[in-house]
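Subject: Structure handover

Hello,

The structure you asked for is below.

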Amino acid sequence: MSAVLSAPPRVGALFLASPKAMISSAVALILILSALCAPWIAPHDPFALGSFSLMDSELPPVWSEGGDPRFLLGTDTQGRDVLSAILYGMRVSLLVGFAAVAISAAVGTLFGLVAGFRGGWLDAVLMRLADVILSFPTILIALLVSGIARGLLPDTRQEDYAVLVLILAIAINEWTQYARTVRGQTLVEASLDYVKAARLSGLGDGRILARHILPNVLSPVIVIATINLALAVLAEATLSFLGVGMPATQPSLGTLIRIGNENLFSGVWWVVVFPALTLVLLVLSVNLFGDWLRDALNPRSE
Amino acid sequence: MTRTRLALTSAALALAAGAASAETLRWANAGDVLTLDPYAHTESFTSSFLHHIYEPLVRRDAELKFEPALATAWEVVEPTRVRFTLREGVVFHDGSAFNADDVVASIARLIHPDARARGNLSSVSGAEKVSDTVVDLVLKAPDPLLLNKLSGVFIMDAEWLAANGATQPGNTTTGVVTYASDHANGTGPFKLESRQPDALTVLVANQAWWDAPAGNITRIAFTPIGSDATRVSALLSGEVDVITPAPLQDAQRLEAADGVTPLQNPSLRTIMLGMPHTDTLNADPDADANPVQDVRVREALWRAIDMDAIKTKIMRGNARIAGSIIAPQIAGYEAGTDVKPAYDPDAAQALLEEAGFGDGFTMGLDCPNDRYINDEEICLAIAGMWTRIGVAVDLTTQTKGNHFPKVDRGETDAYMIGWATLPAMDGFSPLNALLATRSDDWGGNNPNGYSNPRMDELAVAASMEVDETKRIAMIREAMAIAREEIAYIPLHQQPLSWAVRDGVQVIQFPDNYFRAWHYTVNGS
Amino acid sequence: MARFLIKRLGQAVLVILAVGLLSFLMVRTVGDPVQSMVREDATVAERAALRARLGLDDPVPIQFAKYLGRAMQGDFGISYRNQRPVAEMIVERLPATLELVLVATVLALAIGIPLGVITAIRPRGPLANGVQAVSLVGVSTPTFVTGILLILLFAVTLRWLPSFGRGETVELGWWSTGFLTLSGWRALLLPSLTLALFQMTLIMRLVRAEMIEILQSDYIRFARARGLPQHDIHYRLALKNALMPVLTITGMQIGGLIAFAIVTETVFQWPGMGLLFIQAVQFADVPVMAAYLMFVGLVFVALNALVDVTYAVVDPRLRTGGAA
Amino acid sequence: MRSIHGASETSGLRVRGLTVSYGRRGHAVPAVEAVDVDAAPGEIVAIVGESGAGKTSIGTALLDLVDPPGHWTAREVTLDGETIDYRTTHTRGRDVSVIFQDPQTALNPLFTVESQLVHMVRHHLGLDRGAAKRRAIEMLEEVGIPDAVARVGQYPHQFSGGMRQRVVIALALACRPRLVIADEPTSALDVSIRAQILALIRRLCREKGMACLLITHDMGAVAQISDRAVVMRDGRAVETGPTTRLLSGAQHPYSRALIAAVPPAHRRLPRFAVPDTGAAVTDAELERWLRDRPTAGGDTPLAVDELTKVFRLPGRLFGRGARAVRAVDAVSFALAPGEIFGLVGESGSGKSTLAQIAAGLRWPDAGEARVLGRRFGPTTPKAALRGYRQGLQMVFQDPYSSLNRRMTVLETILEPMADTPRAVGLRLVPALLERVGLPRDVARRHPHAFSGGQRQRIAIARALAGRPRVLICDEPTSALDVSIQAQILNLLKDLRDELGLSMLLITHDLPVVRQMCDRVGVMQSGRLVEMGPTERVFDAPEASYTQMLLTHLPRLPERQPAS
């Protein structure tokens, strides 16, 4: 019985067999799509400061008494349509999330591959660096990055760079996970005989890494990336809560929650509850999907 | 081996549920007391708190008029020498008697170069003891605001300072730490019982106080609670008796809740927008001119702001719309200059066209998001209103720690600033800091180039005019010029917003001082 | 042992230097401390004088060198905000944060480990599914939201627990502890739960993954084949193996918890180092911020060393060398 | 000694109609179908077969450890006449026990041997702590661990592989089970240790009167200790009988083929008498291309000269200094063109390290290797390695890890053909597949679609695609079933004959060496202790180590009636 074929799991078939995967990915997809399409589907533009009026402020959702049909989920203290603000805010959150994940995954994978494959001092330096960064919580790293960025950027343009700073802050913290995992996986793969065979076939280090090792270390990267997307969105929310995230003029979900949080006792519950629900739903569905993906891509789990 | 000391802090006991006696006031404020050393800070909340422990020579009464405190009488002997007769029979909390030596030592300690608060008494060059109960203050120049300043100068105990090596103030640079920063010995109505920074500071009534308290508080348990939601929760759950401030947006909820009441009153702090009077705007440095230099543009910007909407929607009706940069209680105020042009976006647009900027322009607006009440929301609303008359607004909102330095470096166009004229409560303060042309000694908060020679003359003259009538006239003239030229766009006086448990009577003084000896607590 | 210590020490120095430099760069840019130190109508001259006195006019490298020089001698300077020695302020807040983190860690382990085991043993049972769902909601909700919700429920509505502070504390020498009074424990509950929630989920998932893997290992199959009782196999044999990586993660995460306590301490007005730090950030209190960051760096190095040592003690393969 | 034919109705194990299936009901896949097994007390019954024959499932079922949704049924499972009751917690471990295959993984690394033994003894026998510890020591002594009193408190990693397997046996037998299932108990062990462990199992079964099921693929082990054997194929028992009779005169064709595929250690066969599942097809263009390889200078295809490699083991956490191990210690030999040179030794002897250095995959610390006149020494720059390796290819042990699971067979085989135009390559690959006995249309498939033997053929095709003159085969068949091994060995021999390849064959399997090699070198602890023509070394070994290895070789009976 030793010859269990290590077939790559048929992810597609597993997907169709799992209601958890289908529902969570559907919810995530709907949220992501509606965020992407915000300019076309949102009833109002929450970034256009001149387009909303204080006179419309704090209108409750339509189904409540005093609701206004123009504002499905009500308006915030500025008269901004909550639904539109959520759609646009999700766009900002997802932009930060996806970009941070893309950068950290790319950098982390590269570092992990190189560290695992080359070893030696490069490996030691990269891994110690990862240790230090890993031990410093995202919040501190982000405060650090945004602090340094503030020092380096001209004051007048900081608003424009807020997204960039956030992305960088989160990415700097998260590449370490990829690097560690990929390094470990690379060590395993590099010791396998097919790498030796490739070397005997005349391939150089670069091509061995790109052609042979990279495809074989990608599945954990995909899993981490999915889960980190959720974490990045959450980190963005926390940073915005601490006031070093997105400004009120370009609110992300976190900014909306921070602003709404001030109205927690005021009875204007919809300005905080809807963004918070959206955030939890988004993070939850992505997390669920990531969970499933990890199980599905893990050959041991079946 | 260190001997382990096991002691239940009695201060903590005060907080224990049910243990609070009828006269205990449990008070939560947004921030902690910075230091117990009265000369080591410039924050008005800390002054307000320390006023319970320490007292000035002259204090303000319930109407904020001057009344004798540690000094019973004063007279100007020469223009630069003022003689104070001290109250007899006053003792410090540690039992030592109060006399002229204490005043001399205190003044010397305050004007020492290391004292953070030395600017509060910059016109005084020293104090001289005449007798045990008489002391002279020697001035560099005649100072019409001496009493205003002295009302914020707390007197410390010379013997106590000497005994604890605290005669000189602490110095951050050289690392000198003073005993007075976490110990206190004053003459005030309350004594310090214990202090745990950021957690709990307990004061108990000073039975030996020379004055009789108007209220019945015998103990104050003070806790800082930074998070608004937590502070309100603490009041709602009955863990504290009074919270300062209470978020305006929670007023409705607090009103509806059983057993608590929100309190609002206008304060002295005027919120205004600083204007760019420079040759170019930071938002558009390549343009030939700065449209805002034209007074018609400034008027247009003002007229475009719907203050009524901001008052009702954002301030929940709790603000006093302002036309002047000083509040009515401030010396130098004149109703005639406190006139806001009516909200009229059409007129505003017409004014812009008249000035030649009918197509609009781009301008920056900078605001703090954690300094004034609803500062960020107000700025968002104003940015929207300006956008609607064709002025594209580049809005930046950030924490006060970044906002104010940026303002000070002159890197903003329009910016939000609040001015309460504390501790002087006098119109000279904005004249000096906001309106005079910037130089080493004048216009410290006028970074954006507002300059008017007449204003500068008035500032210099008013600083030395001891005739109160003439001086007030000068300040009124300055305020009139400021209004006419729209040097700043005043918005409103923001409210004081507190909330109390039922059975607690407090007075909200316009200077936002907490004076607990006027307050009462009924055991509910 | 000596080699190990020297290596650790070298690592510590490097980390501290790096952190010191970074934090210095950061604190130089969070804002101008002078602005918050003078009275509001201070003149330009007054401000310039103060700036010069604070040494803020020196070039940054010189400031850093001066700062490091003093820090080497244990002098972290005087807080701009309170004008008290920073070292003293940190020591004063240390017990509050450490007790919070300790209880949070214990909570996370005490709840996370059993839940992880249960969900690993019956991965498809209703209990496992329920726990998984709750834990996912747990990691998907930002800490500041959970904190406020807990306050609303337990302090405002039910009035069972306090909404802020540490309750009564008892002084043991310089250490003030909330462990010896009922009110101290009541005050600890909500903040530590808030803080523990994320780590709890992390540990639960880690234990679950490790357990599932270990339960398939040869030695567990061999144990089952030898007829050892299920309970012993799960909780005595497999769990011990599953806990090895938990040890590492917990060690690494404690450093994270100390910093994550910033949010929790802000929400619950917990008088610890996180609160001190966030206030220092708002005031641009450079010495406090730098000292705090270096402290976190130090904690990291110490915890890492501790984890290594513990590993060596717990894992016989490291303790006793190779095959005879 | 009991009679091996004395299995009565009431003593020992009796199994009737055992069926095991895996997968959910509805799509259950039977792994064992209606198998009958008997084992008398003291009798060792071997269950032999190749991968997938279902032999392990029999053991799993008799321990009631079939994981759901798999399940098992039987008409009768009795031990000494009583039906085995799996509901009581003491059946497993006390009545029925098992010896696992791999001593490296079968012991929990975090518990001492004492704790593992005591835990078990106390649970099943209810002894007190002191008695349990005495029993633990007694068991260790019984399985032949010297100084048991001192070693009982040690952790598994402090024991060597053979000793660890003895500990596993002690654990299995600690409660005196009446039936023990030995599941491949020696396949992870070296030759010399294997013989000792088998002898130990034999002795203990006899002494304690235990019935034993020996589940194995190793005909040597079957021959050495089993009394009777059951030959399994595809879940069914094809033949049962006394071991000696089966080995010398099996009746079922499958049994015969299986036995014929076992390489005999004591005489050389020209070729294994197994049917090739895929017969090699030659293609004219391919043959031309294969022979059109660069003929770089040097007559010696491969030589190593005083080759040395030192490993520095990291010191312990709290220890000091690093220990150095000479993995390869001044080894010299040279291959003649067209020769198969065998390098044999136990695990850790350095033979694989040497192979990797010779292939230019690792740097030596001293000495040099030469391929077709190109030199490779400690100072050879990395850039020169590509040239050095030209004309040299390798076939590895593990057919799973030696193929990139994400690349198709086509991509895999095209990789070494970089110097050939792609169009030509695309034409040659199907021919190359046929050349190694695979269908030509499998090129687009991924490795997971193939069995171990097929993968090894793909690996050989990839090696051929590099047009080598030297082929290093590192344990090319040790992961394969014997019948597949025989096919692969036949294929390698054919390739040598037809293409004139020189081969370095690294193996621990002495019978394979005898069948394949012209000359052989014996390695022990990094040193080459003996070298010579294969027949001479096997018939008259000079080194005492070689002699020891040869004495441990199981001797399969020749095809003649049992005595």
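Contact here means heavy atoms within 4.5 Å. Among the five pairs of chains that touch, chains B and C have the most contacts between them. Chain B and chain D are not joined by any contact, and their closest C-alpha atoms lie 31 Å apart.

Some conventions before the rest. This is a predicted model, in which local features need pLDDT of at least 70 and side-chain atom pairs count only at pLDDT 80 or more, while totals for chains, interfaces and linings use all residues. Residues are numbered from 1 along each chain as its sequence is written, chains are lettered from A and ligands numbered from 1 in the order in which they are written, and side-chain values use heavy atoms, with hydrogens and water left out.

Chains A and C

In this interface, 36 residues of chain A are in contact with 38 residues of chain C. The buried area (the accessible area, with a 1.4 Å probe, that two parts lose on being put together, summed over both) is about 3200 Å² for chain A and chain C, and carbon and sulfur atoms give 77% of it. Between these chains the rule finds zero salt bridges, a salt bridge being a side-chain nitrogen of Lys or Arg within 4 Å of a carboxyl oxygen of Asp or Glu.

On the side of chain A that touches chain C, at least two residues each come from α5 (120-135), α6 (138-152), α9 (205-241), α10 (253-261) and α11 (270-297) of chain A. Helices (H or I, at least four residues) and strands (E, at least two) are DSSP runs, numbered from the N terminus. The largest share of that side, nine residues, is from α11(A). By class, the side has 22 nonpolar, six polar and eight charged residues. Ala, Val, Leu, Ile, Met, Phe, Trp, Tyr, Cys and Pro count as nonpolar, Asp, Glu, Lys and Arg as charged, and the others, Gly among them, as polar.

Domains of chain C

Chain C has domain 1 (1-81 + 296-324) and domain 2 (93-282); domain bounds come from an automatic or database domain assignment. Their contact takes 10 residues from domain 1 of chain C and 11 residues from domain 2 of chain C. The C-alpha centres of the two domains of chain C lie 28 Å apart. Domain 1 and domain 2 of chain C bury about 1100 Å² between them, with 78% on carbon and sulfur atoms. One residue pair is in polar contact between these domains (both at pLDDT 80 or more). Helix α12 (residues 286-314) of chain C gives seven residues, the largest share of the side of domain 1 that touches domain 2.

A strand pair in chain B

Strands β5 (residues 71-78) and β6 (residues 81-86) of chain B run antiparallel and are joined by six bridges. Two strands pair if DSSP finds at least two bridges between them. A hairpin through two residues joins β5(B) to β6(B), and B:Ala73 stands opposite B:Thr85 in β6(B).

Regards

Technical notes: Polar contact = N/O pair within 3.5 Å; in protein donor to acceptor, adjacent residues only side chain to side chain.
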